[in-house]
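Have the structure open and follow along.

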Amino acid sequence: MFPDLRQIHRRSFIGNTSRGLGAVALASLLGRTGLEAAPGVLSKLPLPQKAKRVIWLTMAGGPSQLELFDHKPKLAEMDGKGMPESFTTGQQLAQLQGQKLICQGPQFKFSKHGKNGTELSELLPHLGSVADDICVIRSMTTDAINHDPAHMFMNTGSQIAGRPSMGSWVTYGLGSEAEDLPGFVVLVSTGKGRSPQPIAARQWSSGFLPSKHQGVQLRSKGDPVLYLNNPPGISRASQQGDVEAINSLNQVRAGEVSDTEVATRIAQYEMAFRMQASVPGLMDVTGESAKTLELYGCQPGDGSFASNCILARRLAERGSRFIQLYHRDWDHHSLLKEELPLRAKEVDRACMALITDLKQRGMFEDTLIVWSGEFGRTPMKQGDKGPVGRDHHNKAMSMWLAGAGVKGGLTHGATDELGYAAMDKVCTVHDLHATMLHQLGIKHDAFTIKFQGLDAKLTGVEPSKVIREILS
Amino acid sequence: MSARFALVTLCLAVSSASAADPVEFNRDIRPILSDNCFYCHGNDASHRKAKLRLDIREEALKKEAFVPGKADASELVKRLFLTDPDEMMPPPDSHKKLTPEQKELLKRWVAEGAKYQNHWSYEAPSKAAVPSTEKAIDSLIAARLKTKGVAPSAEADRRTLARRLHSDLLGLPPTPEEVDAFVKDTSPDAYAQLVDRLLASPHYGERMATAWLDVVRFADTIGYHSDAPRNVWPYRDYVIRSFNQNKPFDRFTLEQVAGDLLPDSDQEAKIGSGFNRLLLTTEEGGAQAKDYQQRMLNDRVRAVGAAWLGQTTGCAQCHDHKFDPFTQRDFFTLGAFFADINEPDIGRREEGMLLSTPDEAKRLTELAGEVAKAKKALDVATPSLAEAIAAWEQELAEEGKPAPAAKKTKAKAKRKDPDAKLAAQATPILKKPAAKRSAAEKTIIRDYYLSLHPEALKAEREALAQAQKTHDTFRAAIPKSLVTTKAAVVRTVRILPRGNWMDESGEVVKAALPHYLPQPKFEGRVPDRLDLAKWLVARENPLTARVVMNRLWAQFFGTALSKNPGDLGAQGELPPNQALLDWLAVEFVDAKWDMKHMVRLIVTSEAYRRSSVATPAQTAADPYNRELARQSPYRLDAELVRDNALAIAGLLAPKIGGPSVKPYQPDRYWENLNFPVREYMADKDESQYRRGLYVWWQRSFLHPSMLAFDAPSREESCTDRTRSNIPQQALVMLNDPTYVEASRAFAVRTLAEKGDDDHRLTWAWRRALQRDPDAKELGTLRKVLTERRAAYKADPAAAKELLKVGLTPPPAQADPSELAAWTHVTRVVLNLHETLTRD
């Protein structure tokens, strides 16, 4: 298996380096470590693995469920009337603190789609065409009501900084099947709107898990991975010459000291060098057919959400374990009617395309897709920031899942008649995490690592449940 | 049996009871009970099952958990060996499973009388008998090595010692000349002299500061949401100064926790009190004041717990600690010490205390005087203005016109335009008779009139504006730092059920120390922050000195004596060599918290000076080197990776202290920040070459080359950095312009050496590693040089491209191809594992 590094005598190595690609030959000698096809800590999975990977579509800012997924005719009737106090007394509010609370009816029409008549807004026609493949949850809730803590909670299951993100947990547990690419990848696109809410790198931090599990951001402009490109004037061949020299000299050192990190460092320099070729290969979508580009509705390299969806599929094909896309600018305190349709348009077709594309390639069955914001929005109107919008809300939000054993065509849970609070089959973020881990073959309450004395879990301290009703 | 399994078995043998030794509760039993049983049968009453607690012997006996001396009659033992899922312990749904060895140990423990011990770190430490202060460390290590039968390594060679000392005490590499001088110095006290020289260097304070800045979570930005900047860098200088002056650690503590309350509080103490302001804050719209008031209290309790007490407190925000005696009440009473800190709950922090020198203070007073004078001149001229205004009003009234819109008013900018606002304010006032207007209203009318009549009092107004501008510009350049001041009204602190800030049903509590630790009585008064600070460094506090010495040890050996420096509680580790940690703790207090004394004792010990090359016997007996028969090699910390490269390249700007610096950073790395959108402006002067600890610490997007080498975001207290080895580190070292420029500067230096290729290759190698390369090493470098030289001769344009990287232009007379080729050689040297490693 893995030879004892201390026993690899320097002489056994030198013969290898003199052969052109000595550095690569070295890899097989030392046993691979690092990002590539690395096994996770869970060598034997306790549950059947329905999902081999996750594509998590984060709609940063908090899209309004009341205009997209949660149809509330009663709220339309109440439009302009005071929000009954029975709903709101003693409840947490964000920007509407201390303001008069007025009902605001849905701003867009809903219609039924698919065999089961999934209700979706007119803003999501393309998603409607694949309604039988997705499961809408209308009864999701979260603990946090401001963007930063809510993102933290959605990503790490905690509102305290320093915890590992879900992508880190998953790659820690399952490792990655990607050769020469990170197992946990983050891509960000920004809506062509106003001033989007910030997001922070802590949302893909590995927290107290080993750093190699941190999310690696792929960027559409500049170096796709930070520091990926050679310095100006340095060719791939001369980079290779330097890496080989470094590794060769390090190998000499490995024979003299008791430092197993030397071998790892050699492997990581090889890995970095390979990534310098594999990442541009991944990012280069010129090989995608015109038909595919048309399906997603994007141009290569435009940095759009749709382009990132193509990259997500390419990453999935190459074995990345957790692929997280952010699309920013859903925070519609105002201009809901004007801006929300633009955001919806930026993602609607691409989501349909991603599902369709994965199905065509036979990967839909083992890819879990999750579409979600960090919180929902109020049924009360917000009018102090210009043309009406809705405030942050944590008592109710909608989201959808697809693929990997999730029941298609299902609408799960319900909110009260005004869409204020989840009432039926209430789900929590921890339930969502538990469900995701379950589909990955992991028992969420037994998947722990010691931190500050506790058996820390992604799903937190309070009991949480797998949402079994949405699973086939 | 695999080799790995053999190692594990041996490793266990090092730390637990052999069949012959009696079982020891703290060493053998508490870790098992804590990890497997206390979750349901421990300190947290709300979660306790069957009302049974096993963390206190009397309580366990009351519930007849065991019969001391009679293992077979003991319920606890019986349950361990059952297989019925309803009866067995731990139950299956806990996902806990004891090994057969652990079960046997518990059985033996009960058979031997089920003796308990108080938790080791809550007992006062004492000094074991040692031959002398100087030999204490080695004698305590030797005693353990003898019983374990492990032979210690010999002393490392002098070059390694010099490198190690420079790295550990300064964080900078020695020059080859310094190493040569030390190697040749045959005087018996050469080593001690070197230690003294390094301890006296101003870079010592920089080296020591880094670990402390991690612990107190020092950063330039607020953390949440907008992650906006705040003024705190003078606190970093304070920490550096404190270590350099060898400020006693007790004073250092008092200043940080309660510098504002000290009877002899001065500017220095106040800057230190900035510690209380280093937490995460928010400027997010829609944030609720009470929510963040609570988050800040929690943040402070966790930080004090980690930095001084080595206690994990975070879980007690919602419930009693599962493993330690720390209760939810302790959490909130500890938090209540900080309820007097004057600060906004949400929103922008204040600019901070003005840190002017006496000269600056004088000048500022003068400039303020100029402003006052200019104002007065304007007021003196006011009578004529009053007449002009009256006339103007008369005119308006006669013409029957409405108040005109102020200048520059655009409908679009209405909300933000101050002139438009003024017009809106003035309109109703103008309808009042002048005699009935308040003073404030008169001012509005005056300002309004002036905004419409730029010619009125032009000279006076310009003079005032100029004076104000001069004053403000001067003031803006004076450093400011967030400090602690006492609020007029102390915030009410309640125990929050389940930690929920919206639930105000809990009891109101006053400040109090954790109930389970020795403490003074505060007769008839509520203790304040100063009392807390004094208690943290009181002799009877069993934790602080241990916690600080435990972390200090990690700086010199790579691993702390109790391996989780943030947790000396039940789930932490009983240090394999507790006698050593306790001796260091007591000595630290006896020596009046003299940090340099402790550092000197550690680095002059034989244990510190040992070679880090392990013998097979050592590796087999003690794979993780917990018994310290040898030294350990490890990678430099993120900041030192940078410092090391810049120093070797001759680029390092050795200035101590000052505002944070901005090294090159990839474009658009901050693109996801907002409120406001920010563009990163890399420094264009010597700040580009400052040490890593001065790098701008943006919590939400820490500089990527620092992040790659495990620098923490400092959102939470970090007592123990991870030390990873990931491909991003290779990308940084190879491609980050900082390291490309360092390679080039290093090459320029190398080419300035007179001699042939081999001479120069050797010179560069020695600069980085302070040793000669062997023939193979030299051959590898020569190959790089030859190949690159040929390639760049054929493609001089590529050479010129490479040389353009970085601020510093290459020497005009340099041959681009030659310099570029050498840049590859030096780049290889800077990337070597040995260059990045302290061994």
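Start at Met549(B): setting aside neighbours within four places in sequence, it is in contact with Leu581(B), Leu584(B), Ala585(B), Phe588(B) and Met598(B). Keep in mind that this is a predicted model. Met549(B) belongs to the largest nonpolar core, which has 304 residues. Among the residues with the most contacts inside that core are also Val825(B) and, from the other chain letter, Cys135(A), Cys309(A), Ala312(A), Ile369(A) and Val370(A). Apart from it lies another core, this one of 17 residues, including Ala65(B), Phe66(B), Val110(B) and Ala570(B).

Now zoom out to chain B. Its C-alpha trace spans about 110 × 80 × 50 Å along the principal axes, and the chain holds 36 helices and six strands. Of its 839 residues, 46% are buried. Look at contacts in chain B with a separation of 6 or more, and 70% of them link residues 24 or more positions apart.

Helix H17(B), residues 358-380, packs on helix H21(B), residues 458-476, at an angle of about 160°, with the axes 9 Å apart. That angle makes the two helices roughly antiparallel, and H17(B) passes H21(B) in a left-handed crossing. On the H17(B) side the contact includes Leu364(B), Leu367(B), Val371(B) and Leu378(B), while H21(B) brings in, among others, Leu464(B), Ala467(B), His471(B) and Phe474(B).

Technical notes: Residues are numbered from 1 along each chain as its sequence is written. Chains are lettered from A and ligands numbered from 1 in the order in which they are written. This is a predicted model: local features need pLDDT of at least 70, side-chain atom pairs count only at pLDDT 80 or more; totals for chains, interfaces and linings use all residues. Helices (H or I, at least four residues) and strands (E, at least two) are DSSP runs, numbered from the N terminus. A residue is buried if 20 or more other C-beta atoms lie within 10 Å of its own, exposed if 12 or fewer, and partly exposed in between; C-beta atoms are placed from the backbone. Two residues are in contact if their C-beta atoms, placed from the backbone, lie within 7 Å. Axes are lines fitted to C-alpha atoms, for helices over the stretch in contact, and angles run from 0 to 180 degrees between N-to-C directions. Angles under 35 degrees count as roughly parallel, over 145 as roughly antiparallel, 65 to 115 as roughly perpendicular and the rest as oblique. A crossing is left-handed if the near helix is turned anticlockwise from the far one by less than a right angle, and right-handed if clockwise. A nonpolar core is a set of buried Ala, Val, Leu, Ile, Met, Phe, Trp, Tyr and Cys residues joined through C-beta atoms within 7 Å.
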